[in-house]
Amino acid sequence: MGVEVAVRGLTKSFGGRPVWSDLSLTLPAGEISVLLGPSGTGKSVFLKTLVGLLRPDAGSIVIEGKDLPRLSERDLYQVRKLFGVLFQDGALFGSMTIYDNVAFPLREHTRRSESQIRSVVTEKLDMVGLVGAERKLPGEISGGMRKRAGLARALVLDPRIVLFDEPDSGLDPVRTAYLNQLIIDLNQRTEATFLIVTHDINTARTVPDNIGLIYHGHLAMFGPREMLLSSTEPVVRQFLNAQRIGPIGMAEEKDADELRAEADAGVELPPLPPIPLQLPPSDGRVRKAERPPGQWCRANGVTPPAGSFGGVPVGERPTVEPAGQGVAEGRHGEVTG
């Protein structure tokens, strides 16, 4: 079962140059959250800070009552056991078979017998669809298979928090779609807390329960998926629409002259496209963390996802909470900046 991660006032800089400052959000236990942002905004740095590989300059990261930046190395080591991390390239050892790569954390951090390790490794490889590839080397399999092998290794110690650093990097749209479905299915099965850093807009629109956007050194917005997908904030609309018009420039924030020129030219950002339904698990069952489709939309006067009736897909998920219950407030509806 996943755990809540409460981040408050987090600030990080390198050589006196700020990466982001006063960043606050709460990752709800067991839910899938996505973190978006232009390149170079420090999303991967945020993941490394969350897991304790980097120390923030200020702020707190509280998990089960423990503030990670203030823990000793010994105590931090224990908290890190709650995490599993899928790195961009899978970070597999090239000289080890897929089996040995997945078994590595068990051999390093547990005292399990080889027969016990074999049972766990086989289970995790089955979860990601890699049974039969155990004896292959990373260089002998496709990029998508390497991602899945890295994911199996991230899950092998049964983490309660799983971090994904651009899992779709280097994958074609079809493999990305398969990976997205796998993430949904694994969240249903493990009930762990997932945080995904990605640039893929389709992933952000269809996979998470919550979305955050880092921009120009701060968190522009964090909240339920539907909140960002219906936002009128220019930076959110520009990013999700992949438009040149708006406050985001090629390298950083556009200056006042550029923005004034766009306004004088009468060019406006187009509205965001309709909100799609969230991907359901493959077996058709409801994830424990899943909210009824259209719940936030109904409570906030936003058009619910297409293909739903009253916020619930026709013929599916017949139990609907009354409008206003479970509405994203506080930790789910944080807006900063």
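Which residues are buried in H3? In H3, these are Ile98, Tyr99, Asn101, Val102, Ala103, Pro105 and Leu106; buried means under 20% relative accessible area, exposed over 50% and partly exposed in between, with a 1.4 Å probe and protein chains only. The structure is a predicted model, in which local features need pLDDT of at least 70 and side-chain atom pairs count only at pLDDT 80 or more, while totals for chains, interfaces and linings use all residues. Residues are numbered from 1 along each chain as its sequence is written, and side-chain values use heavy atoms, with hydrogens and water left out.

Figure 1. Helices (H or I, at least four residues) and strands (E, at least two) are DSSP runs, numbered from the N terminus. Helix H4 (114-127) and H5 are among the parts that cover the buried residues of H3, where contact means heavy atoms within 4.5 Å. One of the buried residues of H3 is Tyr99, and the charged end of arginine 135 sits over the ring of tyrosine 99, 4.9 Å from its centre. For this description, NZ of Lys or CZ of Arg must be within 6 Å of the ring centre and within 35 degrees of the ring normal.

**Figure 2. The largest pocket.** The largest pocket has a volume of about 810 Å³. On a 1 Å grid over the protein atoms alone, a pocket is an open set of points with protein on both sides within 12 Å along at least five of seven lines, whereas a cavity is a set of points where a 1.4 Å probe fits but cannot get out; lining residues have an atom within 4 Å of a point. Grid points are joined across faces, edges and corners, and a volume is the space filled by probe spheres set on the points. The lining of the largest pocket holds 27 residues, of which Arg80, Phe83, Gly84, Val85 and His109 lie nearest its centre. H3 gives the most to this lining, with 4 residues. By class, the lining has 16 nonpolar, 4 polar and 7 charged residues; Ala, Val, Leu, Ile, Met, Phe, Trp, Tyr, Cys and Pro count as nonpolar, Asp, Glu, Lys and Arg as charged, and the others, Gly among them, as polar.

**Figure 3. Lysine 66 in strand S5.** Lysine 66 lies in strand S5 (residues 66-67) and counts as partly exposed because its relative accessibility is 43%. Leaving aside neighbours within four places in sequence, lysine 66 is in contact with Ile61, Leu71 and Val79.

**Figure 4. An aromatic pair.** Rings of Phe, Tyr and Trp (its six-membered ring) pair if their centres lie within 6.5 Å; planes under 30 degrees apart count as stacked, over 60 as edge-to-face and the rest as tilted. By this rule there are 3 aromatic pairs. Tryptophan 20 and phenylalanine 46 form one that is edge-to-face, at 6.0 Å centre to centre and 80 degrees between the planes. Tryptophan 20 lies in strand S2 (residues 17-27) and phenylalanine 46 in helix H1, so the pair ties together parts that are 26 residues apart in sequence. Both tryptophan 20 and phenylalanine 46 are buried.
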